[in-house]
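Please read the following briefing alongside the sequence and the 3D structure. It takes up domain arrangement, helix packing and the ligand surroundings in turn.

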Amino acid sequence: MSFEKTKWIWQNGEFLPFAETKIHATAFGLHYGTGVFEGIRCYETANGPAIFRLKEHMDRFYASAEVYNLKVPFTQAQLDDAICETIRRNELKNCYIRPTAFFDSASLGIRAICPTSVNILTWEWPNDFGAEKLTKGMRVTVSPYRKFHASMIPTTAKATGNYLNSILAVREAAARGFDEAILLDMHGNLAEGAVENIFLIKNGKVITNDQNSSILLGITRLSAIEIARWLGYEVEIRTMTLDDLLTADEAFLTGTAIEITPVREVDGKPVGSGTRGPITEQIQQTFFDIVRGRKPEFEHWLYRLEPKAVANAQS
Ligand SMILES: Cc1ncc(COP(=O)(O)O)c(C=O)c1O
């Protein structure tokens, strides 16, 4: 599958036609996986396109960069503007946004602190698993690959090199016919999906883990926690065992790419009734209402490309 070409890519402060962006063969990040990135979604709403939780994503982008001492040579406001302008120039309404910052060329000695390059891509990328999985749920497997412990590589930083672990797990799961891999942590407890956080529902309670389980602290995870509490559910944040997953009434995964997608089966064993559970559906539906601008209580989670349109609609 080739990459869907868009008109423009933002690279280091300039808008370049898709075919004209270049990364040098000596780029440090290419050799050693020393880059950081974000995956963000923009959704079409009745008042124009809106980016979901842009601030939280870009705060994490800068925090991830800090971990690797990557000096991002643009302010957060400059990158926010660049993201909006890239979406506009590519004439997108629903899209995925991928800012990356990486160590560029200087030296290939691993101690080198290199200049940072920044790219912003925007393109249409509907939910990875498609509409059917959103309602019916996906079939997951417990991966033979474990999630690396946070003391080995910081897991709360969204760094490019981290994804070697996810890629091995997801490809191994796909080769055995599963939709997604669930990784256990170093201690054998649940960590997360290859690129998602995991939630369980047990006896009406919503359960998820935190950074002590070597996970990336997902923005969708945070949103699901806040939505569940807003809906009146008790949310328990604790270590989760494999047994918790195998005996859960419902389970779902959260991530920008897959949004909120139910899990219907683990290694062939149905989760609960083997379909999307009612609490999962309620949290998922609320999430989709929010991102589509249909829940005024959560308007502050949306970064409007055309703020005037909203002001007019509300006046
Ligand atoms: C390892 C990992 N965990 C969790 C997530 C979910 O994070 P978010 O909801 O911020 O997309 C991702 C997605 O990027 C991920 O790669």
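The centres of domain 1 and domain 2, taken over C-alpha atoms, are separated by 26 Å; domain 1 covers 8-123 and domain 2 covers 130-296, with bounds that come from an automatic or database domain assignment. This is a predicted model, in which local features need pLDDT of at least 70 and side-chain atom pairs count only at pLDDT 80 or more, while totals for chains, interfaces and linings use all residues. Residues are numbered from 1 along each chain as its sequence is written.

**Domain contact**
- The contact takes 24 residues from domain 1 and 13 residues from domain 2, two residues being in contact if their C-beta atoms, placed from the backbone, lie within 7 Å.
- On the side of domain 1 that touches domain 2, β3 (35-37), β4 (40-45), β5 (48-52) and α2 each supply at least two residues, and α2 gives the most, with 5 residues.

**Helix packing**
- Helix α2 (residues 54-67) and helix α3 (residues 76-89) pack at an angle of about 125 degrees, with their axes 11 Å apart.
- That angle makes α2 oblique to α3, since angles under 35 degrees count as roughly parallel, over 145 as roughly antiparallel, 65 to 115 as roughly perpendicular and the rest as oblique.
- The contact is made by L54, M58 and Y62 of α2 together with Q76, L79 and D80 of α3.

**Ligand shell**
- Of the 15 residues around the ligand, L216, G218, T220, G255 and T256 come nearest, where a residue is near a molecule if its C-beta atom, placed from the backbone, lies within 6 Å of it.
- α6 (219-230) and β14 (250-255) each supply at least two residues of this shell, and α6 gives the most, with 3 residues.

Terms used:
Helices (H or I, at least four residues) and strands (E, at least two) are DSSP runs, numbered from the N terminus. Axes are lines fitted to C-alpha atoms, for helices over the stretch in contact, and angles run from 0 to 180 degrees between N-to-C directions.
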